[in-house]
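Hello,

Here is the structure I promised to hand over.

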Amino acid sequence: MTNSASKPTAASPVLPQITDHSRIGIFQGLWPFAIGIILAALMYAILPNAIGQYYSRIVIDIGIAMIMAVSLNIVNGLTGQFSIGHAGFMTLGGYAAGMITYYGSLLLWDSQAKHGGFLGAGDWMFVASCLVGGLVAAAAGYLVGLPSLRLRGDYLAIVTLGFGEILRVVLQNTGKVLEDSAALRSAKWSQLIPPPVGGALGFDAIPKYTNLFWVYVFLTFTVVIAYRLKQSSLGRAMISVREDEIASQAMGVNVARYKVLAFVLAAFFAGIAGGLFAHESGLNISPNDAGFQRSFDYVIMTVLGGRGSITGVMLAAMILTALPEVLRDFEQYRLIVFALLLIIMMLVRPQGLFGIKEIWQIWPGTGRRTAS
Amino acid sequence: MHSRKLAFGNLMKLLRSFAVTGCGLVLVVLAIGGCNKTATDSNEILIGHYASLTGSQATFGNATDTAVHMAVEEINAAGGINGKKMRLITYDDKGDKREAGTTVTRLITKDKVVAVLGEVASGLSLAAAPICQENGVPMLSPSSTNPKVTKVGDMIFRCCFIDPFQGAVCARFAVEHPKLKAKTAAILYDQSAPYSVGLQEEFEKAFVKLKGEIVLKQTYQEGDQDFSAQLTAIRGSKPDVIFIPGYYTEVGSIAVQARKLGIETPMLGGDGWESPKLGEVAGKAFNGCYYSNHYSSQDPNPRIQDFIKKYKAKYNETPEAMAALGYDATYILAEAIKRAKSLSGKDIAAEIAKTKDFDGVTGKITIDADRNAVKAAVMLEMKDGVATYVSTIQPGM
Amino acid sequence: MADFVQTLMTALAIGSLYALIALGYTMVYGILKFINFAHSDIVVLGSWISYSLAIKILPVLGLNPHNPETPPPLWVGAVVLLLSMVICGLIGFVIERLAYKPLRRAARLNVLITAIGVSLLLQNVGQLTFVFGSSPQKMPSLIQDRELIRLAFSSGENAQVVVVGLVDVMIFVTSAVLMLVLEYLVFRTKLGTAMRAVSYNPDSASLMGVPVDRVVSFTFVLGSALAAAAGFLFVLKYPTVQQPAHFIWVLLGLKAFVAAVIGGIGNVRGAVLGGFVIAFVEQFGAFYISPNYKDVYVFALLIMILLVRPTGLLGSPLQEKV
């Protein structure tokens with residue numbers, strides 16, 4: 001850790017919040033995780049019967065969008081960089097996760113179908129695959145983050161966009177999916193490179209494990225970690241990079257390191273979201289998901305919610321995912337409304353709905369406790 | 001100790017945010033629920049249709065949807081199904097797989113349709129089919145030709161031919177047609193479209209089986225405007241015929257640019273060429289090119305001419321094949337519902353499967369054991385921008 | 001050899017289109033220091049306005065707008081080009097005044113996001129049924145393409161010819177003329193000096209009596225007019241006019257932007273150079289390596305150049321910028 005946060009000493013009573021937050025490690029205090037898991041389990045048990053498959057599906061989509069928005073917020077909101085290739089990380093993670101569950105199922109159980117029930121062997125493989133998807137995406141995040149050592153602002157935006165587009169084309173040129181375990185066992189190396197993930201057709205045979213429980217468990221992890229990150233010395237260093245790179249460099253913050261770190265973290269969670277996305281039923285992950293159009297959706301979420309506000313972008317993700325369903329009859333005008341919202345927001349309230357504050361911080365009476 | 005107290009404070013904040021998120025979710029769900037309630041009327045039979053009404057394949061989706069609407073109106077005017085009126089709900093999936101999944105889920109679980117029509121593009125049908133299968137609601141695709149679609153399960157049907165048949169028809173035509181007599185072929189396909197990728201594979205298989213040789217394969221992507229690089233390479237390989245199983249939007253430009261590069265080789269394609277726009281774009285550049293299709297608007301068959309007359313009277317344009325298929329699909333579905341004992345998905349699916357020699361606009365349609373339509377294909381020749389009928393190729397040739 | 005020359009011809013025609021579009025990006029960036037994401041949508045407007053004008057004008061002359069049997073007189077093309085440049089220039093002016101001007105002092109990121117918003121707005125308004133609609137249209141051929149030059153390579157059995165068409169030549173010539181006009185405007189007129197002054201330092205320029213707002217507006221009008229010209233030439237060459245929200249337009253804009261960055265953003269000559277470099281890499285890569293990865297070459301080149309020379313080929317802080 002760098003020395004950017006002041007040491008907790010009794011002599012600095014002015015900044016008790018900062019000193020104490022910096023002590024709480026990202027995994028310290030497992031309470032919120034437990035509560036999140038319990039809530040997710042409750043949702044899984046109750047929601048599908050209570051509100052039906054259609055609404056459950058929207059709630060799942062909202063969960064995935066929230067993971068994406070919160071993770072993108074680490075780069076765009078906290079660190080002040082501008083990534084418009086976030087869907088690329090998601091798609092990469094999704095493909096990696098899909099390869100593990102699909103080919104893993106073929107190898108282990110000779111079938112591509114779902115294996116085991118809730119929390120069964122298949123479910124655990126799915127969870128592991130999402131994490132691996134996250135790691136693969138994080139590795140890509142590291143690579144994309146590297147140019148940020150030399151590039152700033154707009155240039156970096158174009159590099160992230162280029163990453164998404166390159167990924168899309170590369171995925172389009174992958175091989176056919178191997179149909180069964182016999183084909184997989186007898187496959188030659190030439191069939192495995194490039195990986196057999198379906199090319200332009202998309203990876204359409206991935207077993208569909210995604211459900212409310214796993215989406216909201218992963219969302220809990222993402223949100224809690226992002227929140228603690230924001231409160232920690234790490235997060236404060238990132239904010240300092242956003243506010244003024246030169247000043248923070250002068251204060252001993254390793255600017256380059258925090259930029260790359262932000263990319264790696266954001267890509268990791270996006271990769272997990274990709275894993276969830278790839279295993280969602282009624283969806284085949286395909287190369288076009290890596291394109292810039294999907295990325296723009298998430299950028300809009302972070303901008304509207306407030307760059308830096310975790311609850312703000314969550315709210316924006318929720319509204320922007322649900323709104324199209326409400327507006328299904330006004331289909332043509334949906335994106336026009338979004339576009340106008342974006343422009344007006346920049347003119348009237350450029351910091352987004354909540355700025356860097358969380359929802360409870362703008363409730364009247366709670367006062368302003370953290371620096372914004 | 002001090003820090004633990006604060007950790008607890010943090011916990012409260014997190015709890016609050018969970019609560020806020022939860023309340024928000026509930027509100028959103030309520031909002032959607034409250035906004036558009038579909039009145040269910042026991043005198044109505046609800047049919048769902050999902051199609052790309054916007055997006056890059058919007059012309060196909062709109063043509064299909066128009067014809068489906070027309071068929072539903074006709075059926076209702078003729079007394080409906082067993083005294084009940086058919087009611088159609090169409091949703092736009094924007095040519096996006098995620099949207100296709102959501103709209104079909106909505107059709108089935110919220111609007112509670114008894115059967116689903118759609119989609120044109122195989123990729124989208126593949127995304128939505130598992131949802132229909134899981135919920136036991138029959139899905140009838142008017143025009144997805146990729147064989148994988150109906151393999152999803154016993155609830156998924158189609159009323160068009162499949163790519164292996166279409167590929168074989170094109171290959172045979174290339175080898176046998178007196179004006180072509182092709183021994184070598186080059187393939188130029190859209191690597192971003194599942195339809196195109198699938199069809200070129202089947203063509204290659206069939207063509208090689210007929211002792212033909214594929215001399216060169218080139219690819220492009222949807223939306224490409226310049227094909228000079230690919231065409232220059234093809235020009236060098238000197239094939240007897242160029243097979244281009246793409247969509248009309250790009251094929252028109254390909255033809256024009258090929259002629260500009262001095263390539264006079266005849267071109268051959270599949271049903272993706274079908275559009276009145278194709279002739280407009282390419283005009284004379286397309287002379288001597290052929291494509292396989294579901295029907296020919298020049299066919300004198302009264303059933304076809306009658307359909308064209310009605311369609312023209314209503315929408316003032318010649319229906320393309322997608323419209324004809326949408327029209328047939330609606331009638332096949334309506335007849336199956338009429339015959340079915342109940343409105344349960346199982347009964348309707350069983351009756352769709354029994355469809356035999358249905359006299360449609362696109363020919364006699366029989367659904368086989370794999371839930372695919374067995375029917376003839378027609379070959380059309382482009383003459384000065386007009387697709388003219390050449391021959392009909394029966395199944396099982 | 002024939003193939004090489006053919007690819008070269010294609011690259012030249014496409015390169016001049018990229019260069020025209022890149023000029024708009026580079027001018028706006030030079031002055032306001034942000035990527036005008038909506039610039040590619042002005043290209044779209046340019047092509048759709050050209051299309052709409054053409055199908056309105058042709059029937060007046062007694063020609064079938066969809067498939068004119070006889071080519072219309074040349075002045076029709078010129079009128080359509082000029083009108084669409086004027087209309088797009090006006091639209092560019094309005095956009096700048098409404099969306100960007102209030103943000104003159106805001107963070108660059110905010111302006112960038114506004115630009116994305118404007119881009120989405122233009123795309124989706126254009127896609128409305130009563131504006132341009134959501135299906136592709138065919139641009140009537142305003143200029144009959146015909147052979148101008150025929151080059152023969154080797155003889156006998158394997159003779160291969162390269163045909164240079166009128167449209168390609170017109171694209172090249174029109175863009176070359178427009179670029180020369182711009183060059184003159186920027187480096188030889190008072191207005192150009194004002195533009196360069198604002199680009200160098202808006203505050204001091206303002207102190208020296210340069211009307212900054214008017215100069216910025218003028219830059220937008222100029223960039224938009226060039227974009228409209230590019231749009232017109234684009235549909236002249238590729239007559240399928242894709243729907244306004246089609247991703248090819250965004251990709252076209254992106255590549256032009258990449259061209260501007262590679263040439264050194266803010267630098268007028270750099271944009272032209274970048275446009276041709278991009279077109280060459282794309283076309284030769286497509287022909288000699290594989291057309292599958294056409295877009296990859298462009299973006300890979302961009303990343304490489306940015307890493308080696310972050311200010312682009314011709315860009316350096318000392319160079320005069322617009």
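Two rings of Phe, Tyr or Trp (for Trp, its six-membered ring) count as a pair if their centres lie within 6.5 Å; planes under 30 degrees apart are called stacked, over 60 edge-to-face, and the rest tilted. Ring pairs join A:Tyr44, A:Phe118, A:Trp124, A:Phe213 and A:Trp214 into a cluster.

On conventions: this is a predicted model, so local features need pLDDT of at least 70 and side-chain atom pairs count only at pLDDT 80 or more, while totals for chains, interfaces and linings use all residues. Residues are numbered from 1 along each chain as its sequence is written, chains are lettered from A and ligands numbered from 1 in the order in which they are written, and side-chain values use heavy atoms, with hydrogens and water left out.

Aromatic pairs

Over all chains, the structure holds 42 aromatic pairs. One of them is C:Phe34 with C:Tyr100, an edge-to-face pair with 5.0 Å between the centres and 65° between the planes. This pair links distant parts of the chain, 66 residues apart: C:Phe34 is in the loop between α1 (2–32) and α2 (39–60) of chain C, and C:Tyr100 is in helix α3 (residues 74–100) of chain C. Helices here are DSSP runs (H or I, at least four residues), numbered from the N terminus. C:Phe34 is buried, at a relative accessible area of 2%, and C:Tyr100 is buried with a value of 2%. Buried means under 20% relative accessible area, exposed over 50%, and partly exposed in between (1.4 Å probe, protein chains only).

C:Phe280 and C:Phe284 are a stacked pair, because their ring centres are 5.9 Å apart and their planes are at 15°. The two are four residues apart in helix α10 (residues 268–288) of chain C, so about one helical turn separates them. C:Phe280 is partly exposed at 26%, whereas C:Phe284 is buried at 16%.

Charges over rings

A charge sits over a ring if NZ of Lys or CZ of Arg is within 6 Å of the ring centre and within 35 degrees of the ring normal. C:Arg269 lies over the face of C:Phe187, 4.6 Å from the ring centre. In chain A, A:Arg257 lies over the face of A:Tyr258 at 5.6 Å from the ring centre.

A:Thr91

A:Thr91 lies in helix α3 (residues 86–109) of chain A and is buried, with a relative accessible area of 0%. Contacts (heavy atoms within 4.5 Å) of A:Thr91 include A:Leu167, A:Ile285 and A:Asp289, not counting residues up to four places away in sequence.

Regards
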